[in-house]
Amino acid sequence: MRIRNHRDFWSGVLFIVTGTLFMVLSRQYQLGTAAKMGPGYYPTMLGGLMAGLGLLILLGSMAKGAAPLKIERIDFKANLLVLLAVAVYALTLPKLGFIVALFLLIGISSVASHEFSWKTTAISSVVLLVFSWLVFVKGLELQFPFLPTFLTR
Amino acid sequence: MELLNNLALGFATAATFDNLLYCLIGVILGTLIGVLPGIGPLATIAMLLPATYKMSDPTTALIMLAGIFYGAQYGGSTSAILVNLPGESSSVVTTLDGYQMARRGRAGPALAIAAIASFFAGTVATLLLAAFAPPLAEIAFKFGPAEYFALMVLGLIAAVVLAHGSVLKALAMVVFGLLIGMVGTDVNSGVARFSFDVPELSDGIEFVAVAMGMFGFAEIILNLEQREKREVFTNKVTNLFPQWADLKRAAPAILRGTTLGSLLGILPGGGAVLASFSAYAVEKKIAKDPSQFGKGEIRGVAAPEAANNAGAQTSFIPMLTLGIPTTPVMALMIAAMMIHNIQPGPQVMSSNPKLFWGLIVSMWIGNLFLVLLNLPLVGIWVRLLSVPYKVLYPAILLFCCIGAYSINNNVFDVFMTIPFAILGYVFKKLDCEPAPMLLGFVLGKLMEEYLRRAMTISRGDWSVFVTRPLSATLLAIAAVLLVIVFLPAISKKREEAFAGDD
């Protein structure tokens, strides 16, 4: 038996794992009965359903008629940079304030573009800062720490 | 007549200065993000949702958000015609003939017919919404928990059947969404499920964080992978007034598109995208000279444009009358209503008539704004298209982060977008549709509630779903849909229909 459709194969694996995981995690909650469902009833049912579907998908990926598909190349750089930028923003916003967080977010995420340039990034950071201040702080009156905490003390 | 009274109330509500202003803001913003590829109404509405909390009147908030949604359908056609780049997935078909018309110097008539078709469809859809909402809500009042559960099952299955790609995988995605929706405190027992002792998770995962991560951030990462390169058609667009011959030719297509769009918009998983694809396919099938399609056939622009606008608006019907979202955007609308303490469902019409009718009428007003504004403003939209992606996407990231933070003033929600971004990326690579998952996520706890209640009332008897007539009917339809889609003949047709999409 060969894996023909790699995408379906790994989807199947993902679903089986997730379904089983939820079923296992649900064991700590009371099952109850059909008439009086406990917190564990529905998740267990769904987990089982999901694992079952995953198995069907996995088997289907190895069937004769399956479309031969491989998974496309994964761009780790783009993933890493964008997500790192978001994580850094979330980490720095409370203590270092919005201004610092914004520059870090725009700076780190911009590097991921194949057309990256320091100048454009710097200019757009400033423009976005002013824009955000006008629209989100003044206009929509959203609350978030602007300056680093050691400056506002 | 009841309908006229309701419409009058709607006009009185929608025509206040505030509501008109926010309607205008909504449609302009919608057109803007519709024109720009890489950002769509889903991410935008998700971003602005927390901000609407500050608005005192929920009607105003909904009017603006709705404006963003159907405004994006207008904007998407502009970039489709001028740049061969669909701003929205519902405008993909418009690129086929619209861009060809632009290349032959007929961009003006293409844009004009697109706008007129959209306006006509929007008007009709608004009237349909006004006419059919009350009777539908009436039926909904007869619904008990078993019926609601069956309806949601039908809704999710219909979404799966009408969705792109493998039905089995879409079903699994729905279940995935349902499971993730389980995170949080179980209302019945007070037990905090799957929260791993993290206090922020005891209320469940924030919907906005999931939407932004899976649809916003994942999209950006995928775009970066593809190295977006755009060639903008910045030739002067002249001659915006369509010729009479064009109108005559397009008219039947507009009618067909509107009808098809209105019907498909009501179905879960359908909405604007399915409507536009189907309308194009239908036009091509019944045309006397199908070879013209793909070369600048104006019916190839008129029909999908009418269909996507009709579909966008009629997709509000299930949400407003039954409280059931048929697409992720509708799920956001429901979230907006709940932020303002309005419980979506059939009672909205009687307990908040101003909101209900005001929203419906505002859609027509919004369409009016759009058709009047879009044509003169085409030049501005074109110039905007030349903003390089490398500037655009960090801005999108920023706005999403700001939005996610402002839900609870907690960076936790910003962090939550990250695993869902990864998930969204992985799903795309594995050919798994994210939209069914989002629907499942929204409906998860609700479905469990209804299942529980139905079982409690029937004392554990599962046959209650088939012994009650309404519920049985709904489940039967769902079963029929599943059978149909698995029949070999139909599954081939489905593959063909979606092949043009890739």
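Trainee: In which hand does H3(B) cross H17(B)?
Mentor: This is a predicted model. In it, the axes of H3(B) and helix H17 (residues 389–408) of chain B are 8 Å apart. The crossing of H3(B) with H17(B) is left-handed.

Trainee: Which residues of H17(B) make the contact with H3(B)?
Mentor: On the side of H3(B), the contact uses B:Ala43, B:Ala46, B:Met47, B:Leu48, B:Pro50 and B:Ala51. Counting both helices, the contact holds nine nonpolar residues, two polar and no charged. The residues from H17(B) are B:Phe399, B:Cys400, B:Gly403, B:Ser406 and B:Ile407.

Trainee: Are H3(B) and H9(B) roughly parallel or roughly antiparallel?
Mentor: Helix H3 (residues 41–52) and helix H9 (residues 207–226) of chain B have axes that come within 9 Å and cross at roughly 150°. Their crossing is left-handed. Angles over 145 degrees count as roughly antiparallel. H3(B) and H9(B) are therefore roughly antiparallel.

Trainee: How many residues of the contact of H3(B) with H9(B) are nonpolar?
Mentor: H3(B) brings B:Leu42, B:Ala43, B:Ala46, B:Leu49 and B:Pro50 to this contact. From H9(B) come B:Val208, B:Ala211, B:Met212, B:Phe215 and B:Gly216. One residue of the contact is polar and no residue is charged, and the number of nonpolar residues is nine.

Trainee: How many residues of chain B are in contact with chain A?
Mentor: Contact here means C-beta atoms, placed from the backbone, within 7 Å. On the chain A side, 61 residues take part. On the chain B side, the number is 53.

Trainee: Which helix supplies the largest share of the side of chain A that touches chain B?
Mentor: Helix H1 (6–25), helix H2 (41–62), helix H3 (76–110) and helix H4 (118–139) of chain A each supply at least two residues of that side. Its residues divide into 39 nonpolar, 16 polar and six charged. The largest share is 16 residues, and it comes from H3(A).

Trainee: How far apart do the C-alpha centres of the domains of chain A lie?
Mentor: Chain A is divided into domain 1, covering 6–62, and domain 2, covering 76–152. The C-alpha centres of domain 1 and domain 2 of chain A are separated by 39 Å.

Terms used
Residues numbered from 1 in each chain as written. Chains lettered and ligands numbered in written order. Predicted model: local features only at pLDDT ≥ 70, side-chain atom pairs only at ≥ 80, totals over all residues. Contact = placed C-beta atoms within 7 Å. Helix = DSSP H or I, 4+ residues; strand = E, 2+ residues; numbered from the N terminus. Nonpolar A, V, L, I, M, F, W, Y, C, P; charged D, E, K, R; others polar. Axes fitted to C-alpha atoms, helices over the stretch in contact; angles between N-to-C directions. Parallel < 35°, antiparallel > 145°, perpendicular 65-115°, else oblique. Left-handed = near helix turned anticlockwise from the far one by under 90°. Domains from an automatic or database assignment.
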